[in-house]
Amino acid sequence: MATIKKRGDAYLIRVSCGYDVNGKQIVQSMTWKPEKKYTEKQLQKELQRVAAEFENKVKSGKVGNGGNIRLVDFIPQYLENVEGEMAETTLKSYKRIIKTFIVPALGHLKLKDIKPLQVQKFVNELSTGELRQDGKGGTYKPATVRRYYVVLQSILHNAYQLQLISSNPADSGIIKLPSIGEQTTEIFTKEELSEMLNCLNNEPLMFQTLICLAIATGARRGELVALTWKDIDLERGIITISKSAYAYKGQTGVKDTKTHKSRVVKIPTVCINLLEEWRIEQAEKRLKLGTVWIGENWVFIQNNGKMLYPTSPTLMFSKFLKRNNLKHKKFHALRHTSATVALSSGVNIKAVAARLGHTQLSTTNRYVHAIEEAEQKAADVIGEILTTEKKKTV
């Protein structure tokens, strides 16, 4: 909020813009001198209007030092601007990247002096390992370089939005980034899925339920762990996915889904039956533990009723595959498999995208490519067999 002090026949209006890296307050000010005679009531009303108008201009970046602000001094304002938009873990990751890489490399520069040349140099030095701070040799992976670059791009985009700079020098269309290369989507084939499900029958009921829901809904690991019984309507056979569990430095919590949107997913009868059985078994366990139970109505739990640790599904699934001599695949492969099975069965791509919580069809479309690749491999194998058999008859 603007502060106002009378200076003679004029008024000094000051607006705080946060603090710089040294903890010094950044202040923009203006002097307003009434040009005509006002009554006291009119004067105060006009003064408040002028102060509010000045504050809005300062907050939007339309007045002040603009591009003369150093990047390191703008960063606290940037973090304040995005704090409510990011998950806690993401924000902590951004702060670490800013402190470790961006400030040492570019923090001393004024916003107006950061050009594509400086951004490209930053990317190149990350790629060659020159900015490495962990004492290890070697270069960063292309995906890591891109992740750090995205943070810088976000900061400069915010400065552009506030009209502190006329354009974003980190625009992705300008900067040359290291190529990640073609990424394959890991899925279970129908044969592998069938074999895995047969082995699943011998597992504890909670684990069976977890894997069944992972395949049926295509939900992310954190989304499954964050489910409570209130999210499940067994009578209608639907699940509401509205949050995701996370772990950071040993601490666990719940945040919004990746897209910050909830979705309702229909589940098959086999999952409903497993959930009903597991709910009964969990209630018996809870009754037996009594006051030792400290959970909050979570579906997937630790022994004392607490929410399952967010990384536990991955570890449990890995041990399950190894125990049954099945080919190792990531837990996330169940989500990929769910999508490819639905698409290959003729389900509309928009319906699959909505089920998975994708905001863009291009994200879902990669599963179409996975299906095409699998079909091509099948065609190649059949072609080789036919070719071999034909040569035998010649």
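**Notebook: helix packing and cores**

I looked up Thr209 to begin with: leaving aside neighbours within four places in sequence, Thr209 is in contact with Leu274, Leu275, Trp278 and Phe300, contact meaning heavy atoms within 4.5 Å. Thr209 lies in helix H7. I list Thr209 as buried because its relative accessible area is 1%; buried means under 20%, exposed over 50% and partly exposed in between, with a 1.4 Å probe and protein chains only.

I note that this is a predicted model, in which local features need pLDDT of at least 70 and side-chain atom pairs count only at pLDDT 80 or more, while totals for chains, interfaces and linings use all residues. Residues are numbered from 1 along each chain as its sequence is written, and side-chain values use heavy atoms, with hydrogens and water left out.

**Whole chain**

I find 13 helices and 8 strands in the chain. Helices (H or I, at least four residues) and strands (E, at least two) are DSSP runs numbered from the N terminus. Of the 394 residues in the chain, 42% are buried. I also checked contacts between residues at least 6 apart in sequence: 59% of them join residues at least 24 apart.

**H7 and H9**

The axes of H7 and H9 come within 9 Å and cross at roughly 150°. Axes are lines fitted to C-alpha atoms, for helices over the stretch in contact, and angles run from 0 to 180 degrees between N-to-C directions. H7 and H9 are therefore roughly antiparallel; under 35 degrees counts as roughly parallel, over 145 as roughly antiparallel, 65 to 115 as roughly perpendicular and the rest as oblique. H7 passes H9 in a left-handed crossing, meaning that the near helix is turned anticlockwise from the far one by less than a right angle, where clockwise would be right-handed. On the H7 side the meeting residues include Leu205, Thr209, Cys212 and Leu213, and on the H9 side they include Leu274, Leu275 and Trp278.

**Cores**

I then looked for the largest nonpolar core and found 47 residues in it. Such a core is a set of buried Ala, Val, Leu, Ile, Met, Phe, Trp, Tyr and Cys residues joined through side-chain atoms within 4.5 Å. The residues with the most contacts inside this core are Met196, Ile211, Leu213, Phe317, Phe320 and Leu334. Elements giving two or more residues to this core include helix H6 (190-200), strand S5 (238-241), helix H9 (269-289) and helix H11 (333-344). H7 gives the most, with 10 residues.

I looked up the partners of Leu334 beyond four places in sequence: Leu334 is in contact with Phe188, Met196, Ile211, Ala214, Ile215 and Phe317. Apart from this core lies another, of 38 residues, among them Leu79, Val82, Ile102 and Leu177.

I moved on to helix H3 (residues 88-106), which has a kink of about 45° centred on Ile98. The bend at a residue is the angle between axes fitted to the seven residues ending there and the seven starting there. Among the buried residues of H3 are Tyr94, Ile97, Ile98, Phe101 and Ile102. The buried residues of H3 pack against helix H2 (71-82), helix H4 (116-128), helix H5 (142-161), strand S6 (243-248) and strand S7 (251-256).

The axes of H2 and H3 come within 11 Å and cross at roughly 165°, so H2 and H3 are roughly antiparallel to each other. H2 passes H3 in a right-handed crossing. Leu71, Val72, Ile75, Tyr78, Leu79 and Val82 in H2 meet residues of H3 including Leu91, Ile98 and Ile102.

H3 and H5 pack at an angle of about 80°, with their axes 10 Å apart. That makes H3 roughly perpendicular to H5. Ile98 and Ile102 of H3 are also among the residues that meet H5, where Tyr148, Val151 and Ile155 are among the partners.

**Single residues**

Val50 is found in helix H1 (residues 40-59) and counts as buried at 8% relative accessibility. Val50 is in contact with Ile13, Met30 and Trp32, neighbours within four places left aside. Val50 and Ile13 are 37 residues apart in sequence and 8.9 Å apart in space, C-alpha to C-alpha.

I checked two loop residues for phi. Asn297, in the loop between H9 and H10, has phi near 70°, a positive value in a residue other than glycine. Asn297 is partly exposed at 26% relative accessibility. Asn325 lies in the loop between H10 and H11, with a positive phi near 55°, and counts as exposed at 72% relative accessibility.
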